[in-house]
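Okay, thanks for making time, everyone.

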Amino acid sequence: MSFGSAPSVIGLYQDIDCNEMMFWLYVPIKTPNSDLTVPAQLQGFLPLLGAALSDFGSLHDQYVYLTAKTLWCETGCTGGRPGWHTDGFGTDDINYIWSDRDSTEFCIQDGLDISSDEYISLSDMDRQCRNVTTFADGTLFRIDQHVIHRVPDRMTAGKRSFFRVSISKDRYNFLGNSINHGLSERWSMVERSALRNPTRSAA
């Protein structure tokens with residue numbers, strides 16, 4: 001598989017209860033030593049979580065993280081960092097992403113030459129990505145590190161919800177990640193990288 005691959009469409013979910021403003025970032029809901037523990041505020045996203053976990057299969061030895069944002073968005077204030085990127089860059093992590101409007105834009109394009117370097121890869125994507133593909137609002141996608149995407153540059157002003165399920169064998173350990181107070185397991189956290197691609201530090 002190469003960079004510029006298409007996302008996998010899991011299904012269409014247009015009746016998700018996500019009216020409460022929120023910003024949850026990589027909150028752990030499962031570790032290899034725990035059962036699923038979803039914070040009460042995120043219960044409205046359970047249909048998406050269920051679909052993602054059903055598609056993924058066995059969670060043995062996996063960590064599961066949720067990101068959930070319901071924010072006021074508009075052009076110039078999109079609720080996410082702009083620009084082409086991939087989730088889980090350089091890893092085997094699997095992510096499922098969904099938004100209720102202004103759907104994520106994908107670059108589905110052959111022949112991309114993307115560096116394995118964290119810095120250079122972003123400029124490679126910015127320079128080479130030309131094809132922009134969108135899908136229906138409310139679509140749940142499965143993506144890996146080869147699926148290049150971005151938040152739309154232009155948005156109609158209004159409330160927008162974004163949801164992501166991240167499944168990894170790694171502990172995401174950057175300061176600023178949300179805390180699940182229902183889980184007893186904790187791990188040391190480090191300062192967040194200036195790069196947008198990494199989800200953890202080996203330090």
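So, which residues have the most contacts inside the largest nonpolar core? Before I answer, keep in mind that this is a predicted model. The residues in question are L42, F45, L66, W98, F163 and V165, and the core as a whole has 25 residues. Where do they come from? The elements that give two or more residues to this core are strand 2 (22-30), helix 1 (46-56), strand 3 (63-73), strand 4 and strand 8. Helix 1 supplies the largest share, with five residues.

Let me stay with strand 4 for a bit. That's residues 94-99, and six of its six residues are buried. In general, side chains in a regular strand alternate between the two faces of the sheet. Here both faces are covered: I94, Y96 and W98 sit on one side, N95, I97 and S99 on the other, and all of them are buried.

Now, what does strand 4 pair with? One partner is strand 8, residues 158-168, in the antiparallel sense, over six bridges. If you want to find that on the screen, look for W98, whose bridge partner in strand 8 is F163.

Next, cysteines. How many disulfides are there? The count comes to zero. As a reminder, a disulfide is a covalent bond between the sulfur atoms of two cysteines. Take C77: its closest cysteine sulfur is in C73, 6.3 Å away, so that's too far for a bond. C77 is partly exposed, at 41% relative accessibility. Then there's C129, where the nearest cysteine sulfur, that of C107, is 3.5 Å away. The cut-off used here is 2.5 Å between the sulfurs, and C129 is in no disulfide. Is C129 buried or exposed? Buried, because its relative accessibility is 5% and the limit for buried is under 20%.

Okay, backbone. Y26 has a phi near 50°, which is a positive value. Y26 lies in strand 2, and it's buried, with a relative accessible area of 12%. The other one is D61, with a positive phi of about 65°, and D61 is not a glycine either. You'll find D61 in the loop between helix 1 and strand 3. D61 is partly exposed, at 40% relative accessible area.

Q43 is in the loop between strand 2 and helix 1, and Q43 is partly exposed, with a relative accessible area of 36%. Q43 and C18 are 25 residues apart in sequence, and C-alpha to C-alpha they are 9.3 Å apart in space. Then G111, in the loop between strand 5 (105-107) and helix 2 (118-128), counts as exposed, at 74% relative accessibility. G111 and Q128 are 17 residues apart in the sequence, with 9.3 Å between their C-alphas.

Last stop, a pocket. Which residues lie nearest the centre of the second largest pocket? That would be P28, S178, I179, R186 and M189, out of 14 lining residues. The lining divides into eight nonpolar, four polar and two charged residues. The space in that pocket is about 190 Å³.

That's my tour, so over to you for questions.

Key. Residues numbered from 1 in each chain as written. Predicted model: local features only at pLDDT ≥ 70, side-chain atom pairs only at ≥ 80, totals over all residues. Heavy atoms only, no water. Buried < 20%, exposed > 50% of the residue type's maximum accessible area, 1.4 Å probe, protein only. Helix = DSSP H or I, 4+ residues; strand = E, 2+ residues; numbered from the N terminus. Pairing = 2+ DSSP bridges. 1 Å grid on protein atoms, 1.4 Å probe; cavity = no way out; pocket = protein on both sides within 12 Å on 5 of 7 lines; lining within 4 Å. Points joined across faces, edges and corners; volume = space filled by probe spheres on them. Nonpolar A, V, L, I, M, F, W, Y, C, P; charged D, E, K, R; others polar. Core = buried A, V, L, I, M, F, W, Y, C linked by side-chain atoms within 4.5 Å.
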